[in-house]
Amino acid sequence: MEQTATVITVTDRAAGKIRQLAEKEGAEPVLRVRVIAGGCSGFSYDLGFADAPTTDDHVIDAADGVRVVVDPRSAPIVQGSTLEFVDAMLGGGLKMLNPNAVHECACGDSFSV
């Protein structure tokens, strides 16, 4: 049974970008956020579109009909984070602002908790 949750906060700006990218790819506006092992600092984020949430996912309803889903293993690591869209030439895009991260690599793609 999927859980409606506030594991993370999704800004309106991030939701708008997710919707825009989903429409461009012909996908449902359901973004899966996962934490995977790897990167310079130990963990990395894996963002990708999903057809639908799985039964164990935490589901965050965002603006514009966007849904963000987080699997149960990733939820404790991203708890309290904000998914934001940064509009910059270098280092722009969807960014996770995670208060649990004690170190972020200079590459900006990996972190440790």
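Buried means under 20% relative accessible area. Arg 32 has 16% relative accessibility, so Arg 32 counts as buried. Keep that residue in mind while walking through this predicted model.

Three of them form an open sheet in the order 2-7-8, with mixed pairing. Strand 2 and strand 8 are the edges, each pairing on one side only. On average, neighbouring strands here are turned by 25 degrees against each other, direction ignored. Helix 1 packs on this sheet and touches strand 2, strand 7 and strand 8. The direction of helix 1 makes about 65 degrees with that of strand 7.

Look next at the pairing inside the sheet. Strand 7 and strand 8 run antiparallel and are joined by five bridges. In general, strands of a sheet pair through backbone hydrogen bonds, either parallel or antiparallel.

Now move to strand 3. Strand 3 and strand 6 pair in the parallel sense, over four bridges. There, Leu 31 stands opposite Val 68 of strand 6. Strand 3 also pairs with strand 4, where the two run antiparallel and seven bridges join them. Arg 34 stands opposite Asp 46 in strand 4.

Leaving aside neighbours within four places in sequence, Val 68 is in contact with Ile 8, Val 10, Ile 18, Leu 31, Val 33, His 58, Val 59, Ile 60 and Leu 83.

Turn now to charge. Side chains of opposite charge can pair when their charged atoms come close. How many salt bridges are there? The count comes to four. Three of them follow, one by one.

Arg 32 lies in strand 3 (residues 30-37), while Asp 57 lies in the loop between strand 4 (43-49) and strand 5 (58-61), so the pair ties together parts that are 25 residues apart in sequence. Asp 57 has 2% relative accessibility, and therefore counts as buried. Arg 32 is buried too, at 16%.

Which residue pairs with Asp 87 in a salt bridge? The partner is Arg 13, and the closest N and O atoms are 3.7 Å apart. Asp 87 lies in the loop between strand 7 (81-86) and strand 8 (93-97), and Arg 13 lies in helix 1 (residues 12-25), so this pair ties together parts that are 74 residues apart in sequence. Is Asp 87 buried or exposed? Asp 87 is exposed, with a relative accessible area of 61%. Arg 13 counts as partly exposed, at 47% relative accessibility.

The side chains of Arg 19 and Glu 23 meet at 3.5 Å, N to O. Both residues lie in helix 1, four residues apart, about one turn of the helix. Arg 19 counts as partly exposed at 26% relative accessibility, whereas Glu 23 counts as exposed at 55%.

Notes
Residues are numbered from 1 along each chain as its sequence is written. This is a predicted model: local features need pLDDT of at least 70, side-chain atom pairs count only at pLDDT 80 or more; totals for chains, interfaces and linings use all residues. Side-chain values use heavy atoms; hydrogens and water are left out. Buried means under 20% relative accessible area, exposed over 50%, partly exposed in between (1.4 Å probe, protein chains only). Contact means heavy atoms within 4.5 Å. Two strands pair if DSSP finds at least two bridges between them. Axes are lines fitted to C-alpha atoms, for helices over the stretch in contact, and angles run from 0 to 180 degrees between N-to-C directions.
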